[in-house]
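The text after it goes through them step by step.

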Amino acid sequence: MKSARWAGSLVLGLFLVGGIANAGSQNICAKLFLNGFNNSSVTAGYRVTDVAASFHSCSAGSGSSCSACAGATFQPKNAGNYLCLPSNLLYSISPSCQTLITSGSSNCTANNTKDQVCSGMSVVMPACNWRTNDNDNEADWTWSLSLNGSTVIVNCSTNNYQGYEQ
């Protein structure tokens with residue numbers, strides 16, 4: 001009887017420490033689309049805030065798109081998304097993307113990828129980690145870049161994210 005009570009306490013304790021999380025599986029992706037140009041140095045990626053979590057990133061190479069995806073066993077997850085651009089590339093961030101990037105900047109924890117990615121490159125990343133929805137649907141942060149003269153226009157969008165981590 002004591003072992004059953006102990007096991008119940010352990011499960012309750014783990015539940016309280018871990019918070020409420022869906023025990024299904026959720027795919028998290030960083031997606032990159034290049035329109036009107038190719039540049040193998042452009043990289044998109046993310047890292048979840050789990051201890052010892054790895055970075056997931058992709059580069060379009062000689063193509064025009066790529067996806068970096070990995071499964072998460074518990075959700076929601078907090079993800080630090082980022083875009084690496086060659087430092088000599090002239091770029092402009094669209095107003096809708098700028099809104100996503102600055103969302104919550106005065107009311108959140110810092111992005112967990114800050115200062116850890118894009119060595120020697122320009123980096124575009126949200127001020128905050130973003131939290132995926134509490135369901136099994138894939139969560140995507142999509143970077144869509146298009147060439148306008150000599151300037152690359154950076155658009156971004158999310159799918160199946162709740163918003164920034166608070």
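Tryptophan 130 has a relative accessibility of 6% in this predicted model, and because buried means under 20% relative accessible area, tryptophan 130 counts as buried. Tyrosine 161, with a relative accessible area of 9%, is buried too.

A pair of aromatic rings is described by the distance of the centres and the angle of the planes. The structure holds five such aromatic pairs. One of them joins tryptophan 130 and tyrosine 161: the centres are 6.3 Å apart, the planes are at 80 degrees, and the pair is edge-to-face. Where do the two residues sit along the chain? Tryptophan 130 belongs to strand E8, residues 130-132, and tyrosine 161 belongs to strand E11, residues 161-164. They are 31 residues apart in sequence, so the pair ties together parts that are separated along the chain.

Tyrosine 161 is buried, and it also forms an aromatic pair with tryptophan 141. This pair is edge-to-face, with 6.3 Å from centre to centre and 85 degrees between the planes. Here, too, distant parts of the chain are linked: tryptophan 141 lies in strand E9, residues 139-148, tyrosine 161 lies in strand E11, and the two are 20 residues apart. Tryptophan 141 has 0% relative accessibility and therefore counts as buried.

These residues are part of one aromatic cluster, formed by Trp130, Trp141, Trp143 and Tyr161.

Arginine 47 lies over the face of phenylalanine 55, at 5.4 Å from the ring centre.

Key. Residues are numbered from 1 along each chain as its sequence is written. This is a predicted model: local features need pLDDT of at least 70, side-chain atom pairs count only at pLDDT 80 or more; totals for chains, interfaces and linings use all residues. Side-chain values use heavy atoms; hydrogens and water are left out. Rings of Phe, Tyr and Trp (its six-membered ring) pair if their centres lie within 6.5 Å; planes under 30 degrees apart count as stacked, over 60 as edge-to-face and the rest as tilted. Helices (H or I, at least four residues) and strands (E, at least two) are DSSP runs, numbered from the N terminus. Buried means under 20% relative accessible area, exposed over 50%, partly exposed in between (1.4 Å probe, protein chains only). A charge sits over a ring if NZ of Lys or CZ of Arg is within 6 Å of the ring centre and within 35 degrees of the ring normal.
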